[in-house]
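I opened this entry to look up the overall build of the protein and then one of its sheets.

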Amino acid sequence: MNTGVSLLSRVSASMQRIAPLSLAALDWDNVGILLEAAQPRPDAKKVFLTIDLTTATLNEALSDPSVGVIVAYHPPIFSAWKSLSMGNLKQSLVLKCAAAGVSIYSPHTSLDSCSNGVNDWLASLVGQGSVVPITAASAESAAGQENVGEGRVVQLATPRTLTQIVEGVKGHLGLKHLRVARAPVHVEDQKPVSRIAICAGSGSSVLSKAVDADLYFTGEMGHHDVLAAVAKDVSCILAEHTNTERGYLHKILRQRLQSELDKDGAESPVDVVVSQADCDPISIE
């Protein structure tokens, strides 16, 4: 039995098995252990999952004295800081974590690109078919995982209308509305959709590498990127940035991380919980 391993070390090792950090976009992303509390909470036995570390989600986490590690999908420390002060919102959130003895881990793009990661989950929402990455990871970066890399392309076994796909995505994501840009060939569903390019979050740069797609499915795209896609007869489904990510925490990651921690050989049991305060800041009214 491992008796002296910290909760943060256990979480980091478990997350590395789920989403190897070598799969992250390391040229610009900031992933892994972002904050190691100098004096961890003595009775910490919970891991708190959230898409964003905000004032609301931090208050929720710190209000539970059992929370010892926050797994924030989006890295709260991203660009370089020359100083730390309570006057800066992002810095104040991290400082409050440090003062409370709570550590922070962020998987971000490693969790997008891994096997059974965010993009694979999104691919499962659009229909049955074959799934491959838009840009495959190298064997070294894949760390033993197969069919991994940036984005996903789904080749549907049975073509579907854009309307069918839109209604299915709304149901799976629990959304009443989506932003949809219909290419001329899909305005009245006259041409079925066979090939769908997918990227969680803000997907323009990844989706632009997909070949012969009929549809882009992502969280957000720039206005001119949408115009360019539609001009190529590629329709776009935009669910808003974090709506393409949040459901994964509830439906996949909580159970996967819990399973990894349950079997890691440590004596202390750990509970993985998902934030109830975390939400997309944008609503369509």
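My notes go from the whole chain to the sheet and the helices on it.

I worked from a predicted model, in which local features need pLDDT of at least 70 and side-chain atom pairs count only at pLDDT 80 or more, while totals for chains, interfaces and linings use all residues. Residues are numbered from 1 along each chain as its sequence is written, and side-chain values use heavy atoms, with hydrogens and water left out.

Overall build. I counted 10 helices and 13 strands, taking both as DSSP runs numbered from the N terminus (helices H or I, at least four residues; strands E, at least two). The radius of gyration is 20 Å, close to the 19 Å of the globule rule for 285 residues, so the protein is as compact as a globular protein of that length; the radius is taken over C-alpha atoms, and the rule is 2.2 Å times the number of residues to the power 0.38. I also noted that buried residues, meaning those under 20% relative accessible area with a 1.4 Å probe and protein chains only, make up 51% of the 285 residues.

I found five strands in an open sheet of mixed pairing, in the order 1-4-3-2-13, where two strands pair if DSSP finds at least two bridges between them. Its edge strands, each pairing on one side only, are strand 1 (32-35) and strand 13 (271-274). Strand 1 pairs with strand 4 (residues 103-106) in the antiparallel sense over three bridges, and Gly32 stands opposite Ser106 in strand 4.

Helix on the sheet. I saw that helix 3 (residues 89-100) packs on the sheet and touches strand 1, strand 3 and strand 4, contact meaning heavy atoms within 4.5 Å.

Definitions and conventions. Axes fitted to C-alpha atoms, helices over the stretch in contact; angles between N-to-C directions. Buried < 20%, exposed > 50% of the residue type's maximum accessible area, 1.4 Å probe, protein only.
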